[in-house]
Amino acid sequence: MTQAQQVTWSYLPRQFQEIDAIVAAFKTFVPTGDFTLGQPLQQFEATFAKLMNARFAIGVNSGTDAIKLSLKVIGIKPGDEVITAAHTFVATVGAIHELGAVPILVDCQEDGCMSVADIASKITRKTKAIVPVHWGGQMVDMPALIACAEAHHLPVIEDACQAMFSEINQQKAGSFGKMGCFSLHPLKAINVWGDGGVIVTDDEALNERLRLYRNHGLKSRDEVVLLGYNSRLDTLQAIVGLSLLPRVDGLISKRIENLRILDEGLSQIPEIRLPPRYPNRRLVCHLYVIYVEQRDALYRYCLTQGVEVKIHYPKPLYQQPGLAHLGYRKGDFPVIDRHAETMISLPMHQHHTSEEMAYVVKVVSDFYKQQRS
Ligand SMILES: *Cc1c(COP(=O)(O)O)cnc(C)c1O
């Protein structure tokens with residue numbers, strides 16, 4: 001009898017095992033009093049920009065604000081329509097709503113990302129931007145999306161919160177649009193001890209405007225050039241973020257390796273369908289999602305075996321009461337509805353060992369063996 005194992009969803013205890021170095025950096029930093037837009041923040045931004053092959057990185061207080069500020073600097077106003085994914089975390093839609101704009105939702109395809117083919121039919125005279133969401137690490141077909149956006153003269157802002165380091169043709173998520181938005185929330189691959197976000201861009205004018213908007217429109221201590229927000233990335237959080245950036249290569253290769261182990265093991269099971277894997281892409285999974293038969297029974301079984309699975313999401317966002325005013329009806333997004341009944345997310349991140357991944361495969365395949373016998 002093998003001992004019951006625990007394969008947890010959260011990796012924060014492992015991510016921050018070497019806490020002493022961060023605490024030591026805090027001890028040096030706190031007496032400087034440089035809490036607001038301090039030196040470590042600038043260091044974090046420079047390092048992050050380099051990692052993303054971007055000219056500029058701007059630290060803000062959340063991934064949600066990264067999207068909101070990006071829309072703000074391109075002039076999104078109340079009543080404007082912004083096309084985005086129906087299959088996303090609520091933050092994308094919330095950021096659009098915060099500006100008084102109207103989110104126009106598009107169904108997803110098999111990989112969980114918005115269907116680029118469905119965008120054109122949603123474009124009206126009021127459409128002012130497209131916000132593709134790279135879901136779970138999978139990327140929207142960006143070459144096709146950019147072509148569509150250019151044909152309609154629409155700016156693109158990427159919600160890359162779930163796809164840090166994923167690539168298409170060796171080009172990174174977040175670098176296709178005018179701006180790319182990332183979250184440093186504790187559940188994301190690079191995280192801080194609270195909330196944080198980053199915007200990347202190659203455009204100098206946008207960089208300057210974003211820096212104004214995140215800091216009350218203050219050009220200097222005594223000069224307010226526009227009315228902005230208080231949305232700075234805390235310098236203290238930048239210190240935490242900075243401590244993780246040197247480990248990015250390991251993070252990427254481990255996530256890719258763990259994806260391989262799960263794909264290899266699970267593709268042998270006839271009751272399971274894997275989402276598409278594309279040869280010209282690098283998939284750095286944020287969520288390891290599969291589509292399965294008897295999902296709810298598998299879900300319960302995994303939990304009894306110590307495998308902390310989740311569902312993203314059992315109730316699609318467009319059916320949530322908070323979005324009722326958008327006027328969508330059950331059945332408007334058939335692919336999402338189908339996925340909601342068959343999808344399950346297995347624990348998979350950079351700190352899981354190969355043994356833990358093998359155990360996940362074993363638990364899932366044991367379940368279907370029992371079902372068949
Ligand atoms: C996490 C996330 C966000 C927002 O991030 P916060 O930092 O929590 O505000 C936005 N979009 C998607 C798809 C996300 O997963």
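Which residue's side chain meets that of Arg 260 in a salt bridge? In this predicted model, the partner is Glu 264, with N and O 2.8 Å apart. Both residues belong to helix H9, where they stand four residues apart, about one turn of the helix.

**Helix H9**

- Helix H9 covers residues 248-266, and its 19 residues should span 27 Å at 1.5 Å a residue, which agrees with the 27 Å found between its end C-alpha atoms.

**Nonpolar cores**

- The largest nonpolar core has 62 residues, of which Phe 44, Phe 48, Ile 119, Met 142, Phe 165 and Ile 190 touch the most other members.
- Residues of this core come from both domain 1 (13-246) and domain 2 (247-372), so the core lies between the two domains.
- When its neighbours within four places in sequence are left aside, Phe 48 is in contact with Ala 57, Met 164, Phe 182, Val 198, Val 200 and Leu 245.
- Another core, of 28 residues, lies apart from the largest one, and Cys 285, Tyr 288, Ile 290 and Tyr 368 are among its members.
- As general background, nonpolar side chains in soluble globular proteins tend to be buried together.

**Other salt bridges**

- The count of salt bridges comes to 19, and one of these joins the side chains of Glu 45 and Arg 211, with an N to O distance of 3.1 Å.
- This pair links distant parts of the chain, since Glu 45 is in helix H3 (residues 39-51) and Arg 211 is in helix H7 (residues 204-213), 166 residues apart.
- Glu 45 counts as buried at 5% relative accessibility, whereas Arg 211 counts as partly exposed at 26%.
- Arg 295 forms a salt bridge with Asp 296, the closest N and O atoms being 2.8 Å apart; Arg 295 is buried, with a relative accessible area of 8%, while Asp 296 is partly exposed, with 43%.
- Through salt bridges that share partners, Glu 45, Arg 211 and Arg 214 are joined into one network.

**A three-stranded sheet**

- Three strands, in the order E7-E6-E13, form an open sheet with antiparallel pairing.
- Strand E7 (171-172) and strand E13 (281-282) stand at the edges with a single partner strand each, so one side of each is left without a neighbour in the sheet.
- The antiparallel pairing of strand E6 (residues 167-168) with E13 runs over two bridges, and Arg 282 in E13 is the bridge partner of Glu 167.
- Asn 169 is found in the loop between E6 and E7, and its phi is near 45°, a positive value in a residue other than glycine.

**Individual residues and backbone geometry**

- Arg 277 has its place in the loop between strand E12 (272-273) and E13, and at 30% relative accessibility Arg 277 counts as partly exposed.
- Apart from neighbours within four places in sequence, Arg 277 is in contact with Gln 138, Leu 259, Asp 263, Leu 283 and Tyr 288; the C-alpha atoms of Arg 277 and Gln 138 are separated by 8.8 Å, although these residues are 139 residues apart along the chain.
- Thr 92, found in helix H5 (residues 90-98), counts as buried at 1% relative accessibility, and its contacts beyond four places in sequence are with Ile 67, Thr 84, Val 131, Val 133 and Asp 159.
- Gln 294 also has a positive phi, near 50°; Gln 294 lies in the loop between strand E14 (288-292) and H10 and is partly exposed, with a relative accessible area of 41%.
- The peptide bond from His 312 to Tyr 313 is cis, with omega near 5°, and Tyr 313 lies in the loop between helix H10 (295-304) and helix H11 (334-342).
- For context, most residues other than glycine have a negative phi, and most peptide bonds are trans.

Definitions and conventions. Residues are numbered from 1 along each chain as its sequence is written. This is a predicted model: local features need pLDDT of at least 70, side-chain atom pairs count only at pLDDT 80 or more; totals for chains, interfaces and linings use all residues. Side-chain values use heavy atoms; hydrogens and water are left out. Two strands pair if DSSP finds at least two bridges between them. The expected span of a helix is 1.5 Å times one less than its number of residues. A nonpolar core is a set of buried Ala, Val, Leu, Ile, Met, Phe, Trp, Tyr and Cys residues joined through side-chain atoms within 4.5 Å. Buried means under 20% relative accessible area, exposed over 50%, partly exposed in between (1.4 Å probe, protein chains only). Domain bounds come from an automatic or database domain assignment. Contact means heavy atoms within 4.5 Å. A salt bridge is a side-chain nitrogen of Lys or Arg within 4 Å of a carboxyl oxygen of Asp or Glu.
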